[in-house]
Amino acid sequence: MNIARLVQTVCPVFFMSVFSTAQGPATESPSGTQLAGWLAAYDSTNWDAYLKFLQANFAVPPGRGFQDPAFRDRTGGYDLKKLELETPTKVTGLIQERATDGFARLTLEVEPEEPHRILTLAVNLIERPAEFALPHMSDRQLVAALRKRLDNEAATDRFSGAVLVANQGQPIFAQAYGLADREHNIANTLQTRFSLASMNKMFTAVAIMQLVQAGKLGLDDSLGKYLTDYPNQELAARVTIGELLINTGGTGDIWGPEFDRHRLELHTLQDYIDLYGKRAPRFEPGSRWEYSNYGFILLGAVIEKVGRDSYSSYVREHVFLPSGMTSTGSGMQDKAIVNGSINYTKMGAPRWIPSPDTLTGNGTSAGGGYSTAGDLLLFANALRENKLLNAHYTKLMTAGRVITPFGLEAYGFGVQTINGSECFGHNGSSPGVNGDLEMCLGSRYTVVALANVDPPAAEQVSEFIIGRLPPA
């Protein structure tokens, strides 16, 4: 039996969507039969049956991702869009994740002898092929498509949070989904305050650039010019403020065994410096890109030193209040937040459970704040209208400077292009937390997605929106 005939038998609706794009009919082959069987099993809702399929049909177990129901939930399963090659022992094709617009090339090989067990199964991400280009939509079409997607994601308990899309600073879509508190059946609303994780690095970047604009800082100045008593004087003399902003300072991260041992002792930015400040740089500052939460801890310490105020007070007075943001903070975690959502994770669990307390009690300049969808739109509007910085420094801060695996890195912002729409912003993620704010250039669209469930729930939504925006 060939792939098309088998999948048509198992799932006729899936067959119509998959094989209408195939280049010619599939030939009969053992590899094709196994591919069809695997797709049908993986895309079903019966995980036990899928695991039995793996035991019966794989000579070597597939990668861990293909044995993880949480990974299956994140992808939503796969649609086979095009067969590229089919021989008796090997088949390759283009697949798309059902939960995202992501494309991959799937390769499956089987034993030449019966029962033709599967030897290898590989899925490698690729750029979306031109023949499957996403449609650019009008505002009305986009809102309709987005509402349909989110209604389905919420109904299947794959998304919980708030989503806002604005054109020229005015919302064209704003809706909350799911529960902020599952135990007490409290729904998320547009007033719910969500954890931001790393998203508040944008506020840190704005604060630094305000000090640069005021002539109190220089992007080429060394860290040691301001933190004169930094434990590793050599590092402080070599790394610059600008390098910290674009994650090329080599200052490393904060997560790991040391953090786990001392997290309850970390109350201030100086506490982090006392813990990590003697470390040598991981590489020559400025020589390459590596995401560094600790680098933004150091930027927060610089803000405190030069701004003569605590980090949280400084950003409240110089970023939040000028933007009109009254439901945003950079301090305590969600348990102390009025109208705050509880974060839920499936990492290591078969169902949504409250995220374990693995962070510190306070947010920092690297992450841990909270906000609402509406407040983040106010921030985006203030930034675009040059209320936080003048036009020169706004442009300087948001211009891409370093190539990363995810696009370009600006000063505290990421720059990405999806289906022709160039956007700048920042995401944030941790167990039970995912968010994304994107400001799309030219088209003047703003996209906010906040979730109180595991990543990439919110990022998948923002990518869905950006990929369908009208052309600039």
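Trainee: Which way does helix 7 pass helix 14, left-handed or right-handed?

Mentor: The crossing of helix 7 over helix 14 is left-handed (the near helix is turned anticlockwise from the far one by less than a right angle; clockwise would be right-handed). Note that this is a predicted model, where local features need pLDDT of at least 70 and side-chain atom pairs pLDDT 80 or more, while totals for chains, interfaces and linings use all residues. Residues are numbered from 1 along each chain as its sequence is written, and side-chain values use heavy atoms, without hydrogens or water.

Trainee: Which residues of helix 7 and helix 14 meet?

Mentor: Contact means heavy atoms within 4.5 Å. Helix 7 brings Met202, Phe203 and Val206; helix 14 brings Leu376, Phe379 and Leu383. By class, the contact has six nonpolar, no polar and no charged residues (nonpolar: Ala, Val, Leu, Ile, Met, Phe, Trp, Tyr, Cys, Pro; charged: Asp, Glu, Lys, Arg; polar: the others, Gly among them).

Trainee: At what angle do helix 7 and helix 13 cross?

Mentor: Roughly 80°, with axes that come within 10 Å. Helix 7 and helix 13 are therefore roughly perpendicular. Helix 13 covers residues 311–323. Among the contact residues are Phe203 and Val206 of helix 7, and Tyr314 and His318 of helix 13. This contact of helix 7 with helix 13 counts nine nonpolar, three polar and no charged residues.

Trainee: Now the sheets. What is the order of the eight strands in the open sheet?

Mentor: Strands pair if DSSP finds at least two bridges between them. The order is 6-5-18-17-16-15-14-13, with antiparallel pairing. Strand 6 (170–177) and strand 13 (402–404) are the edges; each pairs on one side only. Neighbouring strands are turned by 20° on average, direction ignored. Helix 6 (residues 139–155) packs on this sheet, touching strand 5 (161–167), strand 6 and strand 18 (445–451). Its direction makes about 10° with that of strand 6.

Trainee: How many residues lie between strand 5 and strand 6 in their hairpin?

Mentor: Two. Glutamine 168 in the turn has a positive phi of about 55°. Strand 5 and strand 6 pair over seven bridges, and glycine 161 has tyrosine 177 as its bridge partner.

Trainee: Which strands form the open sheet of four?

Mentor: The order is 1-2-3-4, with antiparallel pairing. Strand 1 (78–86) and strand 4 (118–126) have a single partner each, so one side of each lacks a neighbour in the sheet. The twist averages 25° from one strand to the next. Helix 3 (residues 30–42) lies across strands 1, 2, 3 and 4, at about 125° to strand 3 (103–110).

Trainee: How many aromatic pairs does the structure hold?

Mentor: It holds 17 (ring centres of Phe, Tyr or Trp, its six-membered ring, within 6.5 Å; planes under 30 degrees apart are stacked, over 60 edge-to-face, the rest tilted). Tyrosine 42 and tyrosine 78 have ring centres 5.7 Å apart and planes at 15°, so they are stacked. Tyrosine 42 lies in helix 3 and tyrosine 78 in strand 1, so the pair ties together parts 36 residues apart in sequence.

Conventions
Axes fitted to C-alpha atoms, helices over the stretch in contact; angles between N-to-C directions. Parallel < 35°, antiparallel > 145°, perpendicular 65-115°, else oblique.
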